[in-house]
Every structure is written in structure tokens, then in C-alpha cells.
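The sequence and the structure are shown first.

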Amino acid sequence: MYKSEDVSVGVWLAPLNIKRLHDQRFDTEFLSRGCLNKHLVTHKHSNRVLRHLYSETVTHGRMCTQEVLSRPSYNYNWQAPPSLCCNRNESTILVH
């Protein structure tokens, strides 16, 4: 019925008493936040880039030759209304 699996899952789970957690290791925004070796999931990359990240992981045990943070992730306050729920985590620091 919905054109987005995220919306569908949200609708299905809405009546349940589920504790929502936001794991910043999932880079799943509309644009990638960069390349961090702590990321478990990353998308919004071209096939060429994804193949390169996979090759780096297989060959060197890490995705990123050099970690790059394009923009910080969000901190979520699930108790706030949607217009106030989300703030960028400006304290994110890259350690090389």
C-alpha cells in the first residue's frame, strides 16, 4: 500500500510497544554521511564505490582507506514531536 518499506514497517509496528533505538553506525540518510569504518550499513553510493568499499573490506578488513565525515549523524529524541526530534550530532570526532 505504501511506496516505501520504511513507512510500511513504521505503520506495522506503530501499535506495538517497541523501544526505538537509533544506531549511528547505520549510514542510511538520503545522502551518505561519508566513509567511517564503524559503519555497519552504508548506502546512496554508486555501484563502483560500493564495489570498492567491499574490496577494501575483503582485502584490508576495513571499508575506508581514509575516513571522511561529510556531515554528522542525528541524535533522536523520540519523545519530542517530529519537528523537534532530531539534532545533528555536532560532537562527532574522527580519529585517524
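## Contacts and overall form

Of the contacts in the protein chain with a separation of 6 or more, 45% join residues 24 or more positions apart; contact means heavy atoms within 4.5 Å. The model is predicted, and local features need pLDDT of at least 70, side-chain atom pairs count only at pLDDT 80 or more, and totals for chains, interfaces and linings use all residues. Residues are numbered from 1 along each chain as its sequence is written, and side-chain values use heavy atoms, with hydrogens and water left out.

The radius of gyration of the protein chain is 16 Å, whereas a compact globule of 96 residues would have one near 12 Å. This radius is taken over C-alpha atoms, and the globule rule is 2.2 Å times the number of residues to the power 0.38. The C-alpha trace spans about 45 × 35 × 20 Å along its principal axes.

## Secondary structure and surface

Two helices and six strands make up the secondary structure of the protein chain. Their order from the N terminus is α-β-β-β-α-β-β-β. Helices (H or I, at least four residues) and strands (E, at least two) are DSSP runs, numbered from the N terminus.

Of the 96 residues in the protein chain, 22% are buried. Buried stands for under 20% relative accessible area, exposed for over 50%, and partly exposed for values in between (1.4 Å probe, protein chains only). The protein chain exposes about 7700 Å², of which carbon and sulfur atoms supply 56%. Accessible areas come from the Shrake-Rupley method with a 1.4 Å probe; for residues, only the protein chains shown count as cover.

## Pockets

The largest pocket has a volume of about 450 Å³. Its lining consists of E5, D6, R20, L21, H22, D23, F26, T28, H43, K44 and W78, and divides into three nonpolar, three polar and five charged residues. A pocket is an open set of points on a 1 Å grid over the protein atoms alone, where a 1.4 Å probe fits, with protein on both sides within 12 Å along at least five of seven lines; lining residues have an atom within 4 Å of a point. Grid points are joined across faces, edges and corners, and a volume is the space filled by probe spheres set on the points.

The second largest pocket has a volume of about 160 Å³ and is lined by V9, G10, L13, A14, L16, N17, I18 and R20. Here the lining comprises five nonpolar, two polar and one charged residue. Ala, Val, Leu, Ile, Met, Phe, Trp, Tyr, Cys and Pro count as nonpolar, Asp, Glu, Lys and Arg as charged, and the others, Gly among them, as polar.

## Loop residues

H39 lies in the loop between β2 (34–35) and β3. With a relative accessible area of 6%, H39 is buried. Beyond its neighbours within four places in sequence, H39 contacts Q24, R25, D27, R33, G34 and M63. G61, in the loop between α2 and β4 (68–69), is exposed at 63% relative accessibility.

## Strand residue R88

R88 belongs to strand β6 (residues 86–88) and is partly exposed, at 23% relative accessibility. Setting aside neighbours within four places in sequence, R88 is in contact with E29, R33, R71, P72, S73 and Y74. The C-alpha atoms of R88 and R71, 17 residues apart along the chain, are separated by 8.4 Å.
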